[in-house]
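Thanks for making the time this morning.

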Amino acid sequence: MALFPASALRPGVRKREVFGWAMYDFANSGYTTVVITAVFAAYFVGGIARGAPWAAFAWTAALSLSYAIVMLTMPAIGAWADLRAAKKRVLVFATVGCVLATAALAITPGFSGAFGVALAMGLVIVSNAFYSYGESLTGAFLPELATAEGMGKVSGWGWAFGYVGGMLALGICLAYVLWSQSKGLPAAHFVPVTMLITAAIYGAAACATFVLLPERAQPRTADAELGAWQQLRATYRQARAYRDFMWLLACTVCYQGGVAVAITLAAIYAEQVIGFVASETMVLIFVLNIAAALGAFGFGYIQDRIGHKISLAATLVAWIAVCVIAALVTTKGGFWWAAAIAGLAMGSSQSAGRAMTGYLAPPKQLAEFFGLWTFATRLASIIGPLSFGAITWMTGGNQRIAILSTAVLFVAGLLLLLPIRMERGRAAALRSPA
């Protein structure tokens with residue numbers, strides 16, 4: 001099975017361009033793996049906020065605020081980038097912003113009290129917003145590279161590369177953490193170094209994308225005078241023509257809310273409920289990334305064979321099982337089973353969602369429609385973690401009830417997936433007058 005087979009690529013697209021595109025997933029995954037999931041999330045709750053009852057809620061609130069900013073701005077940024085063929089330029093700007101803000105997280109252990117908490121939350125808000133912009137913009141390149149029949153494969157390659165990048169960043173950080181712990185050094189010593197490692201890998205790997213991936217779109221000079229917001233209003237007026245895409249957005253809000261819980265709160269749940277220590281949590285997340293990479297890569301081929309809709313439905317059933325298992329197990333070994341299934345489901349569900357978006361997006365409005373997809377994923381990232389944090393708070397810290405409640409989001413996603421007709425949605429996208 002050849003990597004990047006020509007049959008999955010659009011005419012004129014070279015394999016090195018696809019490699020450059022996939023390298024951005026490789027670059028930015030270290031941010032979510034190390035900062036959002038494995039290291040800084042748990043350190044914020046247990047170190048900076050000193051395990052206060054409101055700590056998990058404060059962490060989810062910071063992420064939610066960053067997602068709200070992205071929701072309000074990314075669709076317009078995408079429309080602007082489409083009109084001016086500027087996806088790559090904006091991607092460079094977003095990358096620089098995230099790298100600098102991530103590196104700045106290294107200074108947060110030097111501050112204590114309310115100021116330390118506020119500083120950490122502020123830098124997380126900024127870094128996560130720029131990360132989200134970059135994720136949306138790189139997704140908008142997918143339909144320019146892949147054929148309609150190869151969308152699942154190419155999306156899967158990107159996600160698989162991403163998890164490899166996440167494992168690289170986490171593996172280097174884990175080695176440093178274990179060395180630090182062997183020397184008796186506290187988390188306030190090794191956490192800043194992991195932030196600098198993550199920022200350096202992100203910035204260095206993204207350079208491959210900037211060198212190899214071209215901007216294939218052409219400026220739409222005839223429409224440029226409309227402006228981004230006018231273009232968005234025109235799209236909303238035409239929403240009925242894209243009803244399958246709109247159903248996909250509603251489905252995405254639900255199931256990605258559950259995925260966001262896994263990404264942002266897995267380390268906190270593992271340490272505070274199951275009893276993992278920091279090094280065990282990092283090993284857990286490392287193995288989860290291996291499973292996610294295998295799921296994204298392998299499932300991409302299955303997705304193109306059996307269809308996007310059935311593929312996504314299968315992953316949502318797996319996510320429901322993860323929530324039930326995680327809520328019921330009491331041992332580390334039992335939780336490992338939930339994590340393994342979550343890894344496979346995570347890679348495949350995220351890859352499937354991006355491929356479905358590319359399949360249903362009008363060819364001349366890719367950044368705009370991926371901006372709308374980002375609106376949905378970031379709304380999900382507010383609803384999921386914030387509801388988890390709120391339920392935990394209201395139940396006196398019972399995270400088992402909160403994780404079980406997360407299954408409801410995946411059930412809702414399954415129900416909202418039913419009305420989608422992929423071929424009808426694809427035909428509507430190709431008829432788009434834009």
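Before the first example, one convention on handedness: a crossing is called left-handed if the near helix is turned anticlockwise from the far one by less than a right angle, and right-handed if it is turned clockwise. Please also keep in mind that what you are looking at is a predicted model.

With that convention, α13 passes α14 in a right-handed crossing. The residues on the α13 side of this contact are Gly353, Arg354, Thr357 and Gly358, while α14 contributes Phe369, Phe370 and Trp373. Sorted by class, the residues of this contact of α13 with α14 come out as three nonpolar, three polar and one charged. As for the geometry, the axes of α13, which covers residues 332–360, and α14, which covers residues 366–394, come within 10 Å and cross at roughly 140°. The two helices are therefore oblique to each other, since the label of roughly antiparallel is kept for angles over 145 degrees.

Just after α14, Gly396 takes a positive phi of about 70°.

The second pair is α10, residues 243–274, and α16, residues 407–417, which pack with their axes 8 Å apart and at an angle of about 160°. That angle makes α10 roughly antiparallel to α16, and the crossing of these two helices is left-handed. On α10 the contact is made by Trp247, Ala250, Cys251, Cys254, Tyr255, Gly257, Gly258 and Val259, and on α16 by Leu409, Phe410, Ala412, Gly413, Leu416 and Leu417. By class, the contact of α10 with α16 holds eleven nonpolar residues and three polar ones, with no charged residues.

Let me finish with the aromatic rings, where pairing requires ring centres within 6.5 Å. By this rule the count comes to 17 aromatic pairs. One of them is formed by Tyr31 and Tyr131, a stacked pair at 5.3 Å centre to centre, with 25° between the planes. Tyr31 lies in helix α1, residues 15–38, and Tyr131 in helix α5, residues 113–139, so the pair ties together parts that are 100 residues apart in sequence.

Technical notes
Residues numbered from 1 in each chain as written. Predicted model: local features only at pLDDT ≥ 70, side-chain atom pairs only at ≥ 80, totals over all residues. Heavy atoms only, no water. Axes fitted to C-alpha atoms, helices over the stretch in contact; angles between N-to-C directions. Helix = DSSP H or I, 4+ residues; strand = E, 2+ residues; numbered from the N terminus. Parallel < 35°, antiparallel > 145°, perpendicular 65-115°, else oblique. Contact = heavy atoms within 4.5 Å. Nonpolar A, V, L, I, M, F, W, Y, C, P; charged D, E, K, R; others polar. Phe/Tyr/Trp six-rings, centres within 6.5 Å; stacked < 30°, edge-to-face > 60°.
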